[in-house]
Amino acid sequence: MRNLYLLLFLLVNCIASAANTNKYSNARANNPAIGITMFGWYNSPNELNFSISIKNLGDETLTNISVANNPNVSAFGDLLLMFGPIPSLSPGQEMTNLQAMKIGTQCLDYSQVIVSATTSGGGTISDFSSVYSYYSDEVTYSHFIFNGQIDSVQEAVYQDLNSNSVVDLGDVINYTYTITSTANINNVYIYDNNSNVSNQYFNLVAHVPYTVTAVHNLTTADLNSGYVYNQSHFSSNEICYDFPFADSTPCNNCPNPGYSNIVTPLSDLVPNVITGQVRYNSNADGCATGASFVNRRITTNNGIYDYSSYTDNYGAYKIFIPNSGNFTTSALVNLGANFTSTPTSVGITSSGADMNYYGTDFCISSSTNVSDLNVVLVNINQAIPGFEANYRIYYTNKGSTNLNGSVQLVYQNGKLTFANALPVQNSATSNSLTWDYSNLLPFESRYIDVNFNVLTPPTVNAGDILNFNLTATPTVGDATPIDNFFTLNQLVRSSYDPNDKTVLEGAYISQSQASDYLHYVTRFQNTGTYYATTVSVKEVLDPKLDWSTFQPIGSSHNARVDIKNGNELTYTFSNIHLNYESNNEPESHGWLVYKIKPINGFTIGDVASSRSDIYFDYNVPIVTNTVTTQISVLSTSNFLKNNFSVYPNPATNYITIENKESLDFEYEILDVNGKQLVKGTNADSRQVDVSSLQKGFYFISIKANQGKSVYKLIKE
């Protein structure tokens, strides 16, 4: 900082000297001559005062003496002169303690003024101000100095917030910041680059400790390094300096590559690991040459908590467990009665603190021939008029025999034009595409990428529905033929958040669909300025969904899937090296798809919701929208139900009531007691203000000539 002040000093004096040489004449040794000095000091952080002295240095009387700011030296505004022109100064006469000031200055101010006078011959002479001498031209520097003492301490405490005895996503660091000053300080601001501080703006009263708190949610990068790093300080325009916080429990031997002032080790213990391989006994040789079993759930239990993971694309799995306890591990969860596992289960005792690995492989077999095909259609991005829409078809053999057949997709050719597919379709019509497949092995999953161009308005408009129907054969002899069919009704949007959540079945299902799977898609995009090394997607699983039926379907990149405590879901994309938007927009996206069933007894009035927290390396999580699904009200006609939709739901400030058939209608928003709170017509249904409603449940009643429809609304 001292070098910076010296550089400013030399630069400004060069400017002042140049101005003095080129614009003004100043005879200092003989008649006529004039000199000026100026000294500055801070009266308060926002007020700077100056004392100015002027002296006639020559041998003749000077008149019309005036002072002005040097236009080349005005760092933080001009001085306000508290005196006017001086009529005359006789030789040797001196005027002292002339006052000037600045309001709203900075911690370091540099200023200079010019005195001008008229000689007896009618000429003009002048001089630049200096601090100490009438015969030099140094700029006046003023530094604010805080007259007080300050103590500031930051305390960090790790909390196993999800109480699963493992340091993982979902846990937090709780911070406490305490500041004490011997003087009053106003407009204090606390900054921390790794947490959101509550009440970070305040006034500090002398000798009264001020304490605030903050919470940091652990990220995957924290877990990988084993430490949380904070650069934290506080400042005020009344002290003009940044004061770093002192660590209440400094970690003297901890690595600190970023020179952070607060370093928090997560734990003295690292978790242990159960790991292994799962294969399918396709060659009846005890899995010596069996195929890798992908997306197989592996669960271990210590008598209190379940810890689950899913095998990756190579059939490998990894489950992190606490450093103590007895664990029983099995690959049989949701496998089905036609299949067996060798071994059935394996018990281990977890101990030690150096990440011990316990290897357990499983071989899955079947003594019966079962044919079972499953298909899913996923929209990879949103459909927007005039842009390309991308889709992926998954078809999976869930049985024990090899399958041959075909997959057919029917689409609306009046709203979409087919662009391309990979693999290329085997046949096509004006509104359908067909792919043949052969030798689909047990538990093998394949996919097809399909791209369409969405037509522009008025052919396709925001709010329209795109209908897709997917069918896979063979269906004869299939154990569950219902999942050989899949329907996607996609809402056309005008814009969207790149980090979002979608439930493919939509906001409403029928009572008959309550026992079927719901399919959820989470999308994310790196909108930062560099590659993301690790992306983690975390979700607290909704109690209205049966998480024992959870099944990952696919993802844009290879990911590890974990479930802890039965309801804490984490997708971890390690070493994803996800590109950033400004560098390569198409490669900056990622996504994941899973399916899950509602709980038994899911009925009218129940709402199943889902949202995700997305972590990009060290950054705080990005929270997606919340999607909900509920059973349609039985008294509502299918016609009305198919022609109206309400979103977003849950809502924060506004909702939109979509009217697909341009019907005339009236709507009411009612509380749970039936009291009318908001009403309107189709003319104002595009943006209905619900910001004044309290958080909770409401009903939206829509009445048209064709009948009446009632929806449930959640206000967040």
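This is a short tour of some local features in one protein model. Keep in mind that the model is predicted.

**The disulfide**

Let's start with the cysteines. The model has one disulfide. The link runs from Cys287 to Cys363, and the two sulfur atoms sit 2.0 Å apart. Its angle about the S-S bond is 80°, and the link is right-handed. What does the pair tie together? Cys287 is in the loop between β21 (272-280) and β22 (291-292), while Cys363 belongs to strand β30 (residues 362-366), so the bond connects parts that are 76 residues apart in sequence. Are these two cysteines buried or exposed? Cys287 has a relative accessibility of 10%, and because buried means under 20%, Cys287 counts as buried. Cys363 is buried too, with a relative accessible area of 9%.

Ala284 is exposed, at 69% relative accessibility.

Ala284 has another point of interest, its backbone angle: phi is near 55°, a positive value in a residue that is not glycine. Asn295 is a further case, with a positive phi of about 60° although it is not a glycine either. You'll find Asn295 in the loop between β22 and β23 (297-301).

Why do such spots deserve a look? Because most residues other than glycine have a negative phi, and most peptide bonds are trans.

On the peptide bond side, there are two cis bonds to look up. One joins Leu422 and Pro423, with omega about 0°, and another joins Pro457 and Pro458, with omega about 5°. Here they are with their places in the chain:

| Cis peptide bond | Omega | Where the second residue lies |
|---|---|---|
| Leu422 and Pro423 | about 0° | Pro423: loop between β34 (416-422) and β35 (427-428) |
| Pro457 and Pro458 | about 5° | Pro458: loop between β37 (445-454) and β38 (465-473) |

**Two nonpolar cores**

Now for the inside. The largest nonpolar core has 46 residues, and the members that touch the most others are Ile52, Ile54, Ile65 and Ile190. Take Ile190 as an example. Which residues does Ile190 touch, once those up to four places away in sequence are set aside? Its partners are Tyr177, Ile179, Val197, Gln200, Phe202, Val212, His233, Phe234 and Phe245. There is also a second, separate core, made of 39 residues, including Leu373, Leu433, Val450 and Phe468.

Val450 from that second core turns up again among the contacts of Asn390. Asn390 sits in strand β32 (residues 388-397). Apart from neighbours within four places in sequence, Asn390 is in contact with Val378, Asn379, Ile380, Asn381, Val450 and Asn451. For a sense of scale, Asn390 and Gln159 are 231 residues apart in sequence, and their C-alpha atoms are 42 Å apart in space.

**The second largest pocket**

How many residues line the second largest pocket? The lining has 37 residues, and those nearest the pocket's centre are Leu223, Asn224, Phe320, Met355 and Arg560. The pocket's volume is about 910 Å³. Several elements give two or more residues to this lining: α2 (220-225), β25 (316-321), β43 (535-540), β45 (560-564) and β46 (568-573). Sorted by class, the lining has 17 nonpolar, 13 polar and seven charged residues.

Strand β46 also holds Thr572. Thr572 is buried, with a relative accessible area of 7%. Leaving out neighbours within four places in sequence, Thr572 is in contact with Thr220, Thr534, Val535, Ser536, Asn558, Ala559 and Arg560. Arg560 is one of the residues nearest the centre of the second largest pocket.

**Leu578**

Last stop: Leu578, in the loop between β46 and β47 (589-598). Is Leu578 buried or exposed? Its relative accessible area is 1%, so Leu578 is buried. Which residues does Leu578 contact, leaving aside neighbours within four places in sequence? They are Phe524, Asn526, Tyr530, Tyr531, Ala532, Val535, His557, Glu587, Ser588, His589 and Phe616. As for Phe616, it is 38 residues from Leu578 along the chain, and the two C-alpha atoms are separated by 9.5 Å. Val535, among the contacts of Leu578, is also one of the contacts of Thr572.

Notes
Residues numbered from 1 in each chain as written. Predicted model: local features only at pLDDT ≥ 70, side-chain atom pairs only at ≥ 80, totals over all residues. Heavy atoms only, no water. Disulfide = S-S within 2.5 Å. Helix = DSSP H or I, 4+ residues; strand = E, 2+ residues; numbered from the N terminus. Buried < 20%, exposed > 50% of the residue type's maximum accessible area, 1.4 Å probe, protein only. Core = buried A, V, L, I, M, F, W, Y, C linked by side-chain atoms within 4.5 Å. Contact = heavy atoms within 4.5 Å. 1 Å grid on protein atoms, 1.4 Å probe; cavity = no way out; pocket = protein on both sides within 12 Å on 5 of 7 lines; lining within 4 Å. Points joined across faces, edges and corners; volume = space filled by probe spheres on them. Nonpolar A, V, L, I, M, F, W, Y, C, P; charged D, E, K, R; others polar.
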